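Here is a short briefing on one protein structure. Look at the sequence and the model before reading on.

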Amino acid sequence: TTSENISSQMQEIYETINILAGGIQTLNDDTQRLSSESIKLQSSIESLTQDIGSLKLSVQEKSSFLDGIKRRQEFLEEEIASLKQKIDDLQYVSYDATLIWKIVSFNEKMMDAQSERQTSIYSPPFYSSPTGYKMRARLYLNGDGNARRTHMSLFFVLMRGRYDAILSWPFNYKVTFCLHDQSPQQKHVINSFRPDIRSSNFQRPRLEMNIASGIPKFF
């Protein structure tokens, strides 16, 4: 009887060992499977990382390309505006020392001056004669210097011209400004000044334009 009990216990132990061995084998199989899946997953992650990197690079390249197009478009718009301004200037150019300057979009320009987006505007160039001095006016709608926010400041500017070499320098001619009152009252604002011939503002221009001179508290 004792022998049978021992034999029965041994049988149970063998069965338990076999069950545990089977469990260990299953765990080993699961471990290998998980390891294999982990390797595949890691490979997939690396592939996705590379794809994301390529996608980011592609997006950056396209963004850079679009930025380049935008800058080019802005440059072309500025060029078109500049050419349009030159065409407009040519339409109103005069060669008799008289400039008639009609300022369009006045309210918009005044708002620009008051907000200091653009404090001054230039008139089209004009000439004292077909072979004479090249000149223009510069207007600060909201005033300049001590006249800021209280007056309009109007200035005279000498420009570098084609015939400067044969002209007399310094420029020494009286300059007269007139703000034309278009109402029936005809209360024009007229003011003038004579150049200070000692000032470099009235010497032969070496740059595109000399420094402006005129009447800070014109109106």
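**The cavity**

The largest cavity holds about 50 Å³ of space. This model is predicted. A search of the whole structure finds 1 cavity of 30 Å³ or more.

- Which residues line the largest cavity? The lining is made by Lys109, Asp112, Ala113, Gln118, Thr119, Ser120, Ile121, Leu139 and Leu141.
- Helix H2 covers residues 106-114. Helix H2 gives the most to this lining, with 3 residues.
- Rolling a probe the size of a water molecule over the atoms shows where empty space is left.

**The annotated domain**

- UniProt lists residues 96-219 as "domain: MATH". That listing comes from an unreviewed entry.

- Isoleucine 17 sits in helix H1, which runs over residues 2-92.
- Is isoleucine 17 buried, partly exposed or exposed? Its relative accessibility is 45%, so isoleucine 17 counts as partly exposed. The limits for that class are 20% and 50%.

**Salt bridges**

How many salt bridges does the structure hold? There are 5. Three of them are described here, pair by pair.

*Glutamate 37 and arginine 33*

- The side chains of these two residues meet in a salt bridge, at 3.4 Å from N to O.
- Both glutamate 37 and arginine 33 lie in helix H1. They are 4 residues apart, which is about one turn of the helix.
- Glutamate 37 has a relative accessible area of 40%, so glutamate 37 is partly exposed.
- Arginine 33 is partly exposed too, because its relative accessible area is 42%.

*Glutamate 208 and arginine 160*

- Glutamate 208 forms a salt bridge with arginine 160. Their closest N and O atoms are 3.7 Å apart.
- Where in the chain are the two partners? Glutamate 208 is in the loop between strand E6 (189-193) and strand E7 (213-215). Arginine 160 is in the loop between strand E4 (153-159) and strand E5 (175-179).
- The pair links distant parts of the chain, 48 residues apart.
- Glutamate 208 counts as partly exposed, because its relative accessibility is 42%.
- Arginine 160 has 40% relative accessibility, so arginine 160 counts as partly exposed.

*Arginine 198 and aspartate 196*

- These two residues also form a salt bridge. The closest N and O atoms are 3.2 Å apart.
- Why does arginine 198 count as exposed? Its relative accessibility is 75%, and exposed means over 50%.
- Aspartate 196 counts as partly exposed, because its relative accessibility is 35%.

- Arginine 204 is placed in the loop between E6 and E7. Glutamate 208 is in that loop as well.
- Arginine 204 has a relative accessible area of 33%, so arginine 204 is partly exposed.
- How far along the chain is arginine 204 from proline 170? They are 34 residues apart. Their C-alpha atoms are separated by 6.6 Å.

Notes
Residues numbered from 1 in each chain as written. Predicted model: local features only at pLDDT ≥ 70, side-chain atom pairs only at ≥ 80, totals over all residues. Heavy atoms only, no water. UniProt positions renumbered as here; feature names shortened; annotations may be inferred. Helix = DSSP H or I, 4+ residues; strand = E, 2+ residues; numbered from the N terminus. Buried < 20%, exposed > 50% of the residue type's maximum accessible area, 1.4 Å probe, protein only. 1 Å grid on protein atoms, 1.4 Å probe; cavity = no way out; pocket = protein on both sides within 12 Å on 5 of 7 lines; lining within 4 Å. Points joined across faces, edges and corners; volume = space filled by probe spheres on them. Salt bridge = Lys/Arg side-chain N within 4 Å of Asp/Glu carboxyl O.
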